[in-house]
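This briefing concerns charged side chains and their pairing. The structure is shown first, followed by the points grouped by topic.

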Amino acid sequence: MTQIINGKDVAASVIAKIKAASDTLEAKSGVKPGLAVIIVGDDPASHAYVGAKGRMAKECGFNSVQHTLPEETTQEDLLKLVAELNADASIHGVLVQLPLPRHFDSEAVIQSILPEKDVDGLHVVNAGKLATGDLETGLISCTPAGSMLLVRTIHGADLSGLNAVVIGRSNLFGKPMGQLLLNANATVTMAHSRTKDLAGICRTADILVAAVGRPEMVKADWVKPGATVIDVGINRVPAPEKGEGKTKLVGDVAYAEASAVAGAITPVPGGVGPMTIAMLMANTVIAAYRKAGETPPAF
Ligand SMILES: NC(=O)c1ccc[n+]([C@@H]2O[C@H](COP(=O)([O-])OP(=O)(O)OC[C@H]3O[C@@H](n4cnc5c(N)ncnc54)[C@H](OP(=O)(O)O)[C@@H]3O)[C@@H](O)[C@H]2O)c1
């Protein structure tokens, strides 16, 4: 029978561990993990994400700070705020909510965050550490880190002998996911928009990870029977069956048909989604432990 991988449950156990680690750190060193989130402009989806991050940080016992800046903020002013947060000893994690309004050079903003406070794991130092196999001293991008925890619930930590296919090669997800799978000894294929015979390549996968942004692209006959399918896509599509003008979220995998073939599969919503915010909190507590000279918890 197909196992449904419940991201909410796995995320809840990660959060419980973070709360305990946060309490322990405060009792031992008097340090409360601090997370600062910067949001620029009025995008409602971004505000919803940032609100959820702030609530979760408080729930974890962190010092949670939000900086809400107007759309017309300049690059210089944003860089100044990041520099202040870099220098603030009470803040261990700095996150700039993406996407930034179009007039910003996002890459320059991300690279201005101190690597040890880069809880989104997007700084080149953190990406480079992952690429060179150092999983101990950097911070790993949250969605791939969370997806790996879901893979681990099925296959354990050592993926020796397993073929993994990742569809998507973004810096945010596909590349770091490929690196994590490789580090765990999987044989990894990175597929993308120029890949020939994508369906055939997917059918070789014991672990199939889809991060494309195309609703229900991965069909049942792309899935090797018994494979583990991790669906990272979040796509909002019309749902006339729910009423006029209504929408629903679907992944990059045609869930109903693929789950009949897969051995294990993540649903959308309730799969990878809840893991992203949990791993953001994990990175913040790890950063705080390191700053206090303590050994951080492992996730
Ligand atoms: N659950 C979460 O918390 C979470 C977090 C991050 C992202 N996501 C979701 O994950 C999805 C991907 O995000 P992203 O930031 O990685 O997106 P992205 O930067 O747009 O990258 C998409 C990737 O998909 C590839 N692609 C596009 N069309 C394709 C096709 N027809 N066949 C094969 N590959 C194709 C692209 O290939 P090329 O490089 O060749 O263009 C690219 O590498 C989105 O739905 C996003 O909403 C979810």
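In this predicted model, E294 and K28 form a salt bridge whose closest N and O atoms are 3.0 Å apart. E294 lies in the segment after α10 (273-291) and K28 in helix α1, so the pair ties together parts that are 266 residues apart in sequence.

**Exposure of the E294 pair**
- E294 counts as partly exposed because its relative accessibility is 24%.
- K28, in contrast, is exposed, with a relative accessible area of 60%.

**Salt bridge between K19 and E59**
- The closest N and O atoms of K19 and E59 are 3.5 Å apart in this salt bridge.
- K19 belongs to helix α1 (residues 7-29) and E59 to helix α2, so the contact ties together parts that are 40 residues apart in sequence.
- K19 is partly exposed at 29% relative accessibility, and E59 is partly exposed at 46%.

**Salt bridge between D206 and K224**
- D206 pairs with K224 in a salt bridge, with 2.7 Å between the closest N and O atoms.
- D206 sits in the loop between α8 (198-202) and β7 (207-210), and K224 in the loop between β7 and β8 (228-231); the two are 18 residues apart.
- D206 counts as buried because its relative accessibility of 17% is under the 20% cut-off.
- K224 is partly exposed, with a relative accessible area of 29%.

**Negative surface patch**
- D42, D43, E71 and E72 form a negative surface patch.
- D43 is placed in the loop between β2 (34-40) and α2 (44-59), and its relative accessible area of 40% makes D43 partly exposed.

Technical notes. Residues are numbered from 1 along each chain as its sequence is written. This is a predicted model: local features need pLDDT of at least 70, side-chain atom pairs count only at pLDDT 80 or more; totals for chains, interfaces and linings use all residues. Side-chain values use heavy atoms; hydrogens and water are left out. Patches are made of residues with over 30% relative accessible area and no salt bridge: like charges are joined within 9 Å, nonpolar side chains (Val, Leu, Ile, Met, Phe, Trp, Tyr) within 5 Å. Accessible areas come from the Shrake-Rupley method with a 1.4 Å probe; for residues, only the protein chains shown count as cover. A salt bridge is a side-chain nitrogen of Lys or Arg within 4 Å of a carboxyl oxygen of Asp or Glu. Lys and Arg count as positive and Asp and Glu as negative; His and the chain ends are not counted. The place of a charge is taken as NZ of Lys, CZ of Arg, CG of Asp or CD of Glu. Helices (H or I, at least four residues) and strands (E, at least two) are DSSP runs, numbered from the N terminus. Buried means under 20% relative accessible area, exposed over 50%, partly exposed in between (1.4 Å probe, protein chains only).
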